[in-house]
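Open your viewer and get ready to select residues one by one. We will go from stop to stop, and at each one you will hear what to look for.

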Amino acid sequence: MRILIWGTGENAEKYLKTKETDQADLVGFIESQPSKGETRCKLEKGGGNVFAPDEVKELDYDFILVCVWPEQFINEIAETCMQTGILDSRVVFMRNIRGMTLQRDRFIYYNKYQNDTEIKKCFPVFWSQFMEHGKPDTDRVLTARTNEDVLQDSLIYTKEFKDYTNDYFRYRTFEFVAQEIKNRNAKGAVAEAGVSVGTFSRLINRVFHDRTLYMFDTFDSFDRQEFEEDISSASSREEFYEMYRGIDVEAVLESMPCRENCKIRKGLFPDTTAGLEKMAYAFVSIDMDLEKSIYHGLTYFYPRLSPGGAIFLHDYRCYDLQGVRKAVERFEEEYGRLYKVPIADRGGTLVIVK
C-alpha cells in the first residue's frame with residue numbers, strides 16, 4: 001500500500017512513530033511550501049520526497065493521510081484538495097471532517113468522501129488514536145438566518161468576503177458592533193494586535209474605511225521566551241510556533257481594501273506602541289494568544305478605548321489557550337471589572353465595551 005503523508009510536523013511524526021505505515025510504503029510528504037517541508041523532513045525524519053499539492057495528481061498512491069491540525073488548516077487543506085482535483089475517498093483527515101465548517105454545502109461535499117469503513121479497516125491505529133468520531137447532527141452548528149438579520153448590508157455575503165461565513169458568528173457580530181460604534185460616533189482609530197496574514201484586518205479595514213488601521217504584529221511568530229514560558233497554553237508547541245513564522249508583510253498590505261489607511265507596527269508588543277501613547281481607539285481586535293501579550297494588550301488599549309467603542313478579544317473560551325482568560329482575570333483584579341459579552345464563535349471571542 002502506497003501512502004502519502006500531508007504535513008511534516010509534530011502530528012506527522014507522532015503518527016509515524018506508531019509504525020502503522022511501513023517506511024517502504026511511504027511515497028513521501030505533501031507540504032504547501034515544499035522547500036520548507038523538505039528541510040524539516042531531512043532534519044527530523046532522515047530524508048524523503050516532499051511534494052507540492054499540485055504535484056500529487058501525477059503520483060501513484062493509495063491513500064493520503066492528512067496529519068495536520070488545528071481546524072483552520074484542515075479546512076484549507078480540504079479546499080486545496082478540491083481545487084487540485086484530489087479530494088476523494090483516498091484522502092483521510094487526522095480529525096473527522098464532520099463539523100469542520102459552518103457552511104452546509106461544504107460540509108456535505110467533504111463528508112461524502114469520508115469512507116469510515118475503509119479507514120477503520122486499513123488504518124486501525126490512525127482510526128482509534130488520531131480521529132474524532134461523531135454524528136453530523138450533534139457535532140456541528142448551522143447558522144440560522146432570519147428576517148431580522150438584514151443581510152443586504154452584510155459584507156460577509158459578498159464575493160469579496162465569502163469565506164468569512166466559516167466563522168459567521170464572529171464576523172457577523174463584528175458587523176453589528178461596528179454599526180453601533182458608528183451610530184454612537186465613537187472617536188479614534190481602529191487596530192488589530194495579532195494580525196497574522198490579515199484575515200480580520202481586511203474586514204476591519206473595509207468596514208472602517210475612513211479610519212486609520214494600526215496593525216501590530218511581529219509577523220514572525222511569538223516572542224520565543226514568552227512562548228516557552230506560557231505553560232497555560234496547550235498550544236505552546238513547536239508546530240504552533242512555526243505556523244506564524246515568516247509572514248510576508250507586503251502581501252498582507254496588498255490584501256487590504258484600503259491600504260492607504262493601514263499603518264504597520266512590526267515588532268514585539270507593547271514596544272510597538274511607542275509614540276502612540278495619546279491615541280484613541282474606536283475598535284480593537286486583540287488576538288495574540290499568549291497570556292502576557294494579552295495582558296499588555298488590555299493595559300494599553302482599554303484605557304485608550306473611546307466611550308462607545310469595543311474590543312474583540314479572541315480565544316477567550318478556547319481550551320488550548322487558557323492564558324487568554326487568565327490575562328483578563330489579572331487585568332480585572334488590578335484595574336477593575338470590565339463590561340464583557342462572550343459570543344459563541346469558533347474561537348470564543350469576548351466582546352469588551354466601554
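Here is a short tour of rings, a helix and a loop.

**Before you start.** The model is predicted, so local features need pLDDT of at least 70 and side-chain atom pairs count only at pLDDT 80 or more, while totals for chains, interfaces and linings use all residues. Residues are numbered from 1 along each chain as its sequence is written, and side-chain values use heavy atoms, with hydrogens and water left out.

**Stop 1: paired rings.** A pair of aromatic rings is described by the distance of the centres and the angle of the planes. Rings of Phe, Tyr and Trp (its six-membered ring) pair if their centres lie within 6.5 Å; planes under 30 degrees apart are stacked, over 60 edge-to-face, and the rest tilted. By this rule there are 32 aromatic pairs. Select Phe222 and Phe227: their centres are 5.7 Å apart and their planes at 15 degrees, so the pair is stacked. Phe222 is buried at 14% relative accessibility, and Phe227 is buried at 3%; buried means under 20% relative accessible area, with a 1.4 Å probe and protein chains only, exposed means over 50%, and partly exposed lies in between.

Next, select Phe269 and Phe301, another stacked pair, with 5.7 Å from centre to centre and 20 degrees between the planes. This pair links distant parts of the chain, 32 residues apart: Phe269 is in the loop between strands E8 (262-266) and E9 (281-286), and Phe301 is in helix H13 (residues 291-301). Helices (H or I, at least four residues) and strands (E, at least two) are DSSP runs, numbered from the N terminus.

**Stop 2: helix H8.** Select residues 168-183. At 1.5 Å a residue, these 16 residues should span 22 Å, and the end C-alpha atoms are 23 Å apart, which agrees; the expected span is 1.5 Å times one less than the number of residues. Buried residues here include Tyr171 and Phe174. What do the buried residues of H8 pack against? They pack against helix H9 (199-207), E9 and strand E10 (305-313), where contact means heavy atoms within 4.5 Å. Just after H8, Asn185 takes a positive phi of about 60 degrees.

**Stop 3: a cluster.** Tyr171 and Phe174 also belong to one aromatic cluster, whose members include Phe208 and Phe312.

**Stop 4: a loop residue.** Finish at Thr349, in the loop between strands E11 (339-342) and E12 (350-353). Thr349 is buried, with a relative accessible area of 1%. Not counting residues up to four places away in sequence, Thr349 touches several residues, among them Arg170 and Phe312.
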